[in-house]
Amino acid sequence: ELVRLVRLAAPEYSPAAGKLGPVDVSFQLEGSPNQIKADSITGHLGPVAVHGSAALTMGAPRPKLRASLSTSEVSLDLFLPPEGSRRSEAPMQYRIIPAAATPSSAPVPSRWSSSPIDVGLLDALDADIDLNMAVLTKDHFRFKDSKLKLRLDAGKLSLDPFSANFSTGTVNVTGGLVGQDKKLSGTLNLALNGVDVSDLVDALHNYQFRLGPVQFGAKMSGPVTVTASLATLGGSERALVSGLKGSGRISGQLRTDMSGETRQASAIAGLAGALLGSKVKEIRGLTNTIQGTDLLVSAFEGPSTLNGDITVDQGVFTTHNLVLVGRGGRALTAGTASLPKWTLDSTTDVTLGQDTDPYLTAQVTGALDDPYVRKVSGTLLRGAPVSTQTAPSAGQSQQNSSGDGTARIVTPPSSNQTAP
């Protein structure tokens, strides 16, 4: 059993899978007092098929390991310890991620360990490792043709690079770690190119939410580019995460497609309003809502442009200008995502045409893996008229009324209305 083998070096190892399967590997071994070499490595390490070669050279100032290995699919969810997760008490219809809707009464362990990291391990040996994985998976992410190059030289670990095909595009990551006064100093550079946004944010494959009497369903797709440069310093997992700082940017050309059920519901409600709206007060109110939601759908259905900047400080990712510009509207998001606390807090203002008052404002909060819509407000819910002029361009959408170029969230006149 692979778990028993790993526990010879790490007695506390406890993977999420419980058992990983048997170790069944063959190789040709030869050596001398100065070098041990393993050729024709082939077999299985638990669920992973592996083949390749490796060599360990002894000598001063430290031993050096060279390895070139290829594997079948590697699922990190099997090998890593089980993750604790928090579940909000929000009703199902307000959840962003339906799969996270099952609450758990079990206590949630701390996500990040405060145990000191043994920095001295970086000085134990030098290494030069090339690892090719057919597929590397974590949660819903699938990285195909993954290539990982690791270099460990005189206590400095370099990732140079990790590259893979992901979704409709590619991912490339470089970085490094070095010991510094019993702490680790790290850098990370990330580039995602042409990745479909629905594969990056799984909930966008089939996003559903309720607005008054209307149940919306939509899918957002299209290529995005994400770049980020991060640095950190710390002596534990928690310290490293809390020490993250840097910046990033996201841009893309997206498309939003409403579900057939959403169009059908709007058509039926619109017909009922046309026939009975003048006679039945409740139907008249429904008609107003349907007309408003039709405007919202028409403003963003089809092609749109996404742009935004992100800053990172003390492990908190912040944006003030994440803007989605559709053919007739703009959605401006400002918010924070805290890795140390594992929380999300954001506000999105949707404006249509040349209007400055938000047609719809949605506040989203909760755990990063279980956010929910906390409050919805805006002129749509108050039945106010809205301009039908064309929305400003992406560049104009990031300027406020004072013309200083700073994006802002417009506070709605009434913010006391809870999610309908």
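Which side chain meets Asp 257 in a salt bridge? The partner is Arg 255, at 3.1 Å from N to O. A salt bridge here requires a side-chain nitrogen of Lys or Arg within 4 Å of a carboxyl oxygen of Asp or Glu. Asp 257 is partly exposed at 28% relative accessible area, and Arg 255 is partly exposed at 43%. Buried denotes under 20% relative accessible area, exposed over 50%, and partly exposed the range in between (1.4 Å probe, protein chains only).

The model is predicted: local features need pLDDT of at least 70, side-chain atom pairs count only at pLDDT 80 or more, and totals for chains, interfaces and linings use all residues. Residues are numbered from 1 along each chain as its sequence is written, and side-chain values use heavy atoms, without hydrogens and water.

The salt-bridge count comes to 10. Asp 77 pairs with Lys 138, with the closest N and O atoms 3.3 Å apart. Asp 77 lies in helix α2 (residues 76–79) and Lys 138 in strand β6 (residues 126–138), so the bridge ties together parts 61 residues apart in sequence. Helices (H or I, at least four residues) and strands (E, at least two) are DSSP runs, numbered from the N terminus. Lys 138 is buried at 18%, whereas Asp 77 is partly exposed at 30%.

Arg 151 and Asp 130 also form a salt bridge, at 3.3 Å from N to O. This pair links strand β7 (residues 141–153), which holds Arg 151, to strand β6, which holds Asp 130, 21 residues apart.

Thr 318 lies in strand β16 (residues 316–325). Thr 318 counts as buried, at 18% relative accessibility.
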